[in-house]
Amino acid sequence: MNDLVILHLSDLHIDGEGRTYSKLLTALLGDIKNQVNSIDSNNIVIVVTGDIIDKGKCNAAANAKKFFQRLKEITENKVKAIYIVPGNHDKKRTDSNAILIPAYRGLLNESNVCLFGKNFRDSLWPLQVATYEESGYNDLIHYIYNDLFGMPEIGEIAKNPFGVHTIEIDEKKYCFILLNTAWSCVDEKDTRKLILGKFQLDEINAQIRNTIENYETDPAWRSRRR
């Protein structure tokens, strides 16, 4: 039996036209159903790497919910975790972002690294997070995590939207790192203009260190490793 099976989805680009998702996505779900039925594993982790909705369309959420409802039906109770990070289409294209983001890019160092730290996170990061609220993306993933899959702890990390989460399957630990690099995009023409903020990397490093320390001091986990 496979210890872990990862179902990777990306660039669904669900829009608000019609009463449901596209025929292409219907075919995709059919393929997923066939694969789920063919594998000998009850340990599925779903990884969604951006662009669930198209161009930040608020009216796309209803069709996106229907897609994930069907996905939940297909995977039944085999899903041990679901991890979702946003893409450039999952955010609302706002006038403030159209002005601010080109300015951010001018502050990259010679290694093309953004050195934005705590001050940026406290003052300007909320403006980026708000774009996911305004597009309906945060409400959508809240529904997916809380109402469909019952995984609110991971949902809080995804809403941030970066962080670290660990799951245990068959006495093995798997660590997943969620990292949003699309916050620095204005529209779909921003190819290869992603930015990693120092505040993101610092937070992830701290969470990884904390995770390792917790396992090293856990008597039950230490006994399993012997």
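Analyst: A helix here is a DSSP run of H or I with at least four residues, a strand a run of E with at least two, and both are numbered from the N terminus. The model is predicted, so local features need pLDDT of at least 70 and side-chain atom pairs 80 or more, while totals for chains, interfaces and linings use all residues. Residues count from 1 along each chain as its sequence is written, and side-chain values use heavy atoms, without hydrogens or water.

User: Which residues of helix H5 are buried?

Analyst: Helix H5 spans residues 125–134. Buried means under 20% relative accessible area, exposed over 50%, partly exposed in between (1.4 Å probe, protein chains only). The buried residues of H5 are Trp125, Gln128, Val129, Thr131 and Tyr132.

User: What arc do they cover around the axis?

Analyst: The arc uses directions from the helix axis to the C-beta atoms. These residues lie on the same side of H5, because their arc is only 140°.

User: Which residue with positive phi follows H5?

Analyst: Its phi is near 90°. The residue after H5 is Gly136.

User: What kind of pair do Phe162 and Phe199 form?

Analyst: Phe, Tyr and Trp rings (six-membered ring for Trp) pair with centres within 6.5 Å; planes under 30 degrees apart are stacked, over 60 edge-to-face, the rest tilted. Phe162, in the loop between H7 (152–159) and E4 (163–169), and Phe199, in H8 (residues 198–216), are 37 residues apart. Phe162 is buried at 1% relative accessibility, and Phe199 is buried at 4%. Their centres are 5.9 Å apart and their planes at 75°, so the pair is edge-to-face.
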